[in-house]
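Colleague: Please walk me through this protein. Start with the fold, then go to the details.

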Amino acid sequence: GGFDPLAFLIAECHKRNMELHAWLNPYRVSASTNDVFARNHIYRKEPERFVTFGGKIYFDPGIPANRKFICDIVKDIVMRYDVDAIHMDDYFYPYPIAGEAFPDDNSFNTYAAKQGFSRNQLGDWRRNNVNMLIKEIKQTLMTSKPWVRFGISPFGIYRNKKSTPDGSGSNTNGLQNYDDLYADVKLWVKNGWIDYNMPQIYWEIGHNLADYKTLIDWWTANNYNGHLYIGQDVKRTMDALQASGASQLKEKMILSRSYPTAHGNCFWPAYELLDNYKGVADALRNDYHKYPALIPAYTHMHNKSPKKIKGMKESYTETTHTLIWDSDSEKYNPESAHYYVVYRFPKGEKENLDDAKFIVAITRDKSLVLPYEGGNKEYKYVVTAVDGFHNESK
């Protein structure tokens, strides 16, 4: 007893100044038909709050008590653990199964009319259930730990153009968040209910049903100044060959960086990076992510720089030269310094904090052992403080 995997992971991530986003599936209770639940599982006590679909058990999204339960879980996680964000995947109402209807007649008959939905508005009612959950999770975070962000990685297509009366969908032909999973992601981004959006644009450039370029165009155009990270499928990207024989990685990276409304990339699955599938990790390390990049500031949550660091000193021992500084940092005040960026400029070089190649370290410590490279060059060191929302000081 006594080992808490989440606490351990958070501590190890934070030592390396990495964030930890706690990943949840909101409605899915079992992953297969032979899952065994704990004795005190809520399903054993109140089975009427759940439905079975495709052999798996789900919270019924139409029951208000289930929304409250999910929000209570989120609150419990953020109050007990120092997570940086809550993250939800693409599973809202489950993916459709041919010939099987999602069995929510009971909750529809109980709640829909009271909520102002008529008999023929099943889809709108389902979307409203998910909308309420997303909005209430954001409110839960705002009232418990307002600096913890909320992100979603939705399925890669919002709606196909042919399904939208006004033609506002993407020029694609595939499963749709809005119509099939009842996830109105565009509304959540527009209303600021989520802090970042990470659509799973897992197809190739030139895919006949869901072209990567068509989709990245659509998501960047429907971003409402939110944070947008492009979900990339490593294997499909590395397997899709250009006429030159090269993979699509270069083209996809150039594309994702050519839109001012895209803030970065997310690579799925992590295993392929660890395995360096077809050299993907080498390419990222040596080329696209050669220098550490700072996380873009979440200015919609807080738009003010933290106070500058103070009292910078140097300390020498026989073997080390250490930079030491102080700052107004309080663990539970997200507007104070949470971590520090150390830049190094060669003598005569203009100080440019926007150029990542001058970053020597990003650290949560208030000191840094300076790299020793022979002692023949003169450098100027600059240290900035960064707050819990990623705003950088002067």
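**Fold, sheets and helix packing**

Modeller: In the protein, 68% of the contacts with a separation of 6 or more are between residues 24 or more positions apart, contact meaning heavy atoms within 4.5 Å. This is a predicted model, in which local features need pLDDT of at least 70, side-chain atom pairs count only at pLDDT 80 or more, and totals for chains, interfaces and linings use all residues. Residues are numbered from 1 along each chain as its sequence is written, and side-chain values use heavy atoms, with hydrogens and water left out.

Colleague: How many helices and strands does the secondary structure come to?

Modeller: Helices (H or I, at least four residues) and strands (E, at least two) are DSSP runs, numbered from the N terminus. The C-alpha trace spans about 80 × 55 × 40 Å along its principal axes. The secondary structure comes to twelve helices and 14 strands.

Colleague: What percentage of the 394 residues count as buried?

Modeller: Buried means under 20% relative accessible area, exposed over 50%, partly exposed in between (1.4 Å probe, protein chains only). Of the 394 residues, the buried share is 46%.

Colleague: In S4, which residue is the bridge partner of histidine 21?

Modeller: S1 and S4 (residues 85–88) run parallel, joined by four bridges. In S4, the partner of histidine 21 is alanine 85.

Colleague: Turn to S14. Which residue there does valine 342 stand opposite?

Modeller: Strand S11 (residues 337–346) runs antiparallel to S14, with nine bridges between them. S14 (residues 379–387) is mostly covered, with seven of its nine residues buried. Opposite valine 342 stands valine 383.

Colleague: Are H8 and H10 roughly parallel or roughly antiparallel to each other?

Modeller: The axes of H8 (residues 212–221) and H10 come within 11 Å and cross at roughly 15°. Angles under 35 degrees count as roughly parallel, over 145 as roughly antiparallel, 65 to 115 as roughly perpendicular and the rest as oblique. H8 and H10 are therefore roughly parallel.

Colleague: Which residues of H10 does H8 meet?

Modeller: From H8, the contact uses Tyr212, Lys213 and Ile216. In H10 they meet Lys252, Leu255 and Ser256. By class, the contact divides into three nonpolar, one polar and two charged residues (Ala, Val, Leu, Ile, Met, Phe, Trp, Tyr, Cys and Pro count as nonpolar, Asp, Glu, Lys and Arg as charged, and the others, Gly among them, as polar).

Colleague: What covers the buried residues of H8?

Modeller: In H8, Tyr212, Leu215, Ile216, Trp218, Trp219 and Thr220 are buried. Their cover includes helix H6 (177–181), helix H7 (185–190), strand S6 (196–197), strand S7 (227–233) and H10.

Colleague: At what angle do H10 and H12 pack?

Modeller: Leu249, Lys250, Met253 and Arg257 in H10 meet Val280, Ala283, Leu284 and Tyr288 in H12. That contact has six nonpolar, no polar and two charged residues. H10 (residues 249–257) and H12 (residues 280–288) have their axes 12 Å apart, at an angle of about 45°. That makes H10 oblique to H12.

Colleague: Now the backbone. Which peptide bond is cis, with omega near -10°?

Modeller: Most residues other than glycine have a negative phi, and most peptide bonds are trans. Proline 269 is found in the loop between S8 and helix H11 (270–274). The cis bond runs from tryptophan 268 to proline 269.

Colleague: Asparagine 17 has a positive phi too. Does asparagine 17 count as buried or exposed?

Modeller: Its phi is about 50°, although asparagine 17 is not a glycine. Asparagine 17 lies in the loop between helix H1 (5–15) and S1. At 16% relative accessibility, asparagine 17 counts as buried.

Conventions:
Pairing = 2+ DSSP bridges. Axes fitted to C-alpha atoms, helices over the stretch in contact; angles between N-to-C directions.
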